[in-house]
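Trainee: I would like to learn how to read a model of this kind, going feature by feature. Could we take the general idea first and then the case at hand?

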Amino acid sequence: MTMAELKWKPENCAQCGECVGACPYGALEIVGDKVIIKTTCTACGACVDSCASDCLEIIGAEKKVAGAGEHKNVWVFAEQRDGKLSKVAIQLLGCAHGLAKELNQQVGAILIGHNITKLAQELIHRGANIVYVFDDPKVAQYSTGPYAKVICELITKERPNIVLYGATTIGRDLAPRIARRLNLGLTADCTELTIDKETRFLLQTRPAFGGNVMATIMSPTTRPQMSTVRPGIMKELEADPNKTGEVEKVKVDIKEEDMLVKILQVVKEAKKIANLDEARIIVSGGRGVGSADGFKVIRELAETLGGEVGGSRVAVEKGWISQDHQVGQTGKTVRPDLYIACGISGSIQHRAGMQSSKCIVAINKNPDAMIFKVAHYGIVGDLHDVVPALTEAIKAAGLSKKQ
Amino acid sequence: MDIICLMKQVPDTTDVKIDPKTGTLIREGVPSIINPEDKNAIEAALVLKEKHGGKIVCISMGPPQAEDALREAYAMGVDECVLLCDRAFAGADTLATSYALAMAIKAVGKYDIIISGRQAIDGDTAQIGPQIAEWLKMPQITYARTLEVKDNKAHVERLLEDGFEVVEAPLPCLVTCVKEMNKPRYPTVSRILKACKELKIPFWNAQQINAEKSRIGLDGSATGVKRTFAPEPKGLGKMLTGKTEDVVKQLVKHLENDNIINR
Amino acid sequence: MEFKLSKEQEMMQKMAKEFADKEIAPLSQEIDKTHKFPIELARKMGTLGLMGMMVEPAMGGAGCDTVCYTIAIEELARASAAVAIIASVNNSLVCYPLQKNATEDQKKSYLPDLASGKKLGSFGLTEPGAGTDAGSQATVAVKKDNEYILNGTKIFITNATNADTFIIFAMTDKAKGPKGISAFIVEKTFPGFSIGTVEELMGIRGSGQAELVMDNCRVPAGNLLGAEGAGFGIAMATLDSGRIGVAAQAVGIAQAALEECQRYAMEREQFGKPIGKFQAIQWMVADMATEIEAARLLVRKAAYAKDTQKRFSAEAAMAKLYASEMCMRVTVKAVQIHGGYGYTKDYLVERLIRDAKITEIYEGTSEVQRMVISGGLLK
């Protein structure tokens, strides 16, 4: 399995340093008149694109997969818990449908559990052409050993082209074990999957470096190509009760030694209230909220988004919300993925506490409010109208996280 | 107890920024740190050692500068460190990396339990732990938020999306920790001095761990990066205008497209 | 001559910085507001070895060099001047004189607990009538059988409210003047020893400064530190060491002020752009950074001198003099850059300027430092 390698050609090189800056892995260094390629190079090609003098190239053709034509169909590991299919499984079927269409192949689903055969119909209605079912008391609960065994034997027998798993506590525990056993390439936590027009390979795009960079990955030489996919990204197909498909019962002998880990107890727990520092989403209220009562709509929006409530110094001083919710110079400094500032003017004290948030949305009556200077998206309006409307819009789009 | 800890030196990605002009990562001035969840793993190992006695060996794979991270692990309290360092390991994906680490663990020889962080903050794959466990044919417990050893079994509270499960596995097994597990201790002054004055960190190459050439580095990788790019910059200062019902719909659409909120 | 930090100095800096940022900084404003002694932080620092860094390993310390020590104090001071002085006093004014002058038995009795942070130390020299004129000690110690009976008061004693072990100076032979001063190791539980007024300070609030009252305080003869009459020499040598810690503290405070200004100047906009784009502010920041770097180098040189030379009084005095006066200048500029906001308690610089002032006063005023420096030059 020889992969691509980066080579530097000294002839035209002026040591301009563009390539050094372009490398996401810090793998290039200019020493004297040479460009040194360090061991951290992954042959991603970012430097090749950046070089105006054509001094860098990736060599080593991608070997065509032996027997690539024999691997067909796009499979989804249909994760189920307690006899209910997880949302991500349905979403992945939608995604698989699109990929299979492009490849002119079929969609398969793997269903493992106990007394779950009835779920096969739902999978078919949601896009599966064939469902492989392993229904056995031994696999009533997810456990790495038996699930990996079933799927490995199935993959070896049926030779799918692509297998997708949800990037859940199950999928991210299971898929790498299978990848290692069958010596396959596996890409984690993908947010986009497409088929490459030329090679027909699966292009797997996912965030890296804490989400600061996106990487598109391929598995050119191993089949099936496998990915774990981030829940909530892919769009499911509408359930079509008229769809039909095959249901195949899988036979695998699960032995005692395959059961590596014993589950003693399963405990359902409401998600602990993260403190503000750890919240991924914060909805914050300021002077514009007007009263303690006014914070109701803020709270409602926060709950709908599955986030936390924050407040400006004014809101805290006026007693509308308690001190531990304060964001700002004298409160907490937060860096959530989403910060929605409602009726907050955006004084420098407040901005100091939230301006590093990944995405800032500002809602304020005053179009000149300072907060709009740091916001990614701004809405000029009365928060008492906009915030409830936003809550409704989120619910209508099926994005509500409220229990 | 013989404990092996796996650790990776990573750039502090919370500090990493994208150059708005070139769309590439600005690595200058970004400090290198012990991967945060690996620190939780080291702390878990130290707690086990305090309770059961024994020895902790910390293994890392990386360029020579990763030695600094191993010294820090020693200053926290691990007993021995090993750095897998060889040009032949370069460009490895998780399959090739996990193979090399597994062979290194075999070379160390004695182990009752292997502990690592769940995932590294640069690769974000969480694949190394399970892949090593598979190669060594041992049970794996991922997402561990508590870890105890009783009657030669690892006893773990494993985090789930909606709660947790209590699981146990016979030793030897591999456990990956989440940050909720513990608060890693700081290195002490005396161990910092020892780490710099006394500690010798061996560098192991592919030969020393009996690694097959075809299974390591770029050759041993099954995935490759086709391209890297900066995520779409969000519309800075994009004012949404129109009737309230329309404006909020627009916002929801933007937030969904930006992957800020999802189903 | 190398200016690079050694591996262990780098690691020490990393650890101290992380501890300061994560454990001390979040509490620093609260400590300043409540004036409450941060005893848990002191114990945490003890566990990490930060309270007795230079104590020999046999006595429970790490045996690190003074440069390492100043690096750690600077990082602690960046987060809180009060916490930094708590550590500095324990290290430089208590562990150091014990390390240098105590008998083996005394070392065994006191150093391990002080180095580990189990017990806290304090240095009792200053009196109501003896500040810069430290030699005019009014506290007396009279030998009686197998004890010394101490009578007198000490004021402005850092760590006093929470300390267990005190180095106390007292006159054993008034006729001999400064040569009649002796040093004692006094435990807070000795009969006749008590803490008096707790000071309400302008800055370094929370550092436990209070009055010590010795009213027929009975100290075992075995707790005499060094010989009778050697006290003044011990005090002066100890202060030489202590002032390197204070100089490091001053650098840390100034560094915090600079970082606040760097942030604020690029956030605060006036006349359509960040104030950091105006030359007036740029030049202030440039001057601040340059002075801090100069002071830092003086501190490290003084630390190096302490480790490698017999006498280091001049280097220590220069470092303390320059760093403390620099710190005052820098923090005043920092408040100016913050404008009105810098005058409010919302902003750190308001506290930093208050913390800065004491560095020009304690462990030898700037005037004393000038005396020491010129004394060595004009003979």
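Mentor: Domain bounds come from an automatic or database domain assignment, and what we are reading is a predicted model. On that basis chain A is divided into domain 1 (5–59), domain 2 (68–258) and domain 3 (276–396).

Trainee: How many Å separate the centres of domain 1 of chain A and domain 3 of chain A?

Mentor: Taken over C-alpha atoms, the centres of these two domains of chain A are 45 Å apart.

Trainee: Where in helix 5 of chain C does a kink lie?

Mentor: The kink, of about 35 degrees, lies at C:Tyr110, shortly before the proline C:Pro112. Just after helix 5 of chain C comes C:Gly117, which takes a positive phi of about 85 degrees.

Trainee: Which residues are buried in helix 5 of chain C, and what do they pack against?

Mentor: A residue is buried if 20 or more other C-beta atoms lie within 10 Å of its own. In helix 5 of chain C that holds for C:Tyr110, C:Leu111, C:Leu114 and C:Ala115, and the buried residues of this helix pack against helix 4 (81–101), strand 1 (121–124), strand 4 (165–171) and strand 5 (181–187) of chain C.

Technical notes: Residues are numbered from 1 along each chain as its sequence is written. Chains are lettered from A and ligands numbered from 1 in the order in which they are written. This is a predicted model: local features need pLDDT of at least 70, side-chain atom pairs count only at pLDDT 80 or more; totals for chains, interfaces and linings use all residues. The bend at a residue is the angle between axes fitted to the seven residues ending there and the seven starting there. Helices (H or I, at least four residues) and strands (E, at least two) are DSSP runs, numbered from the N terminus. A residue is buried if 20 or more other C-beta atoms lie within 10 Å of its own, exposed if 12 or fewer, and partly exposed in between; C-beta atoms are placed from the backbone. Two residues are in contact if their C-beta atoms, placed from the backbone, lie within 7 Å.
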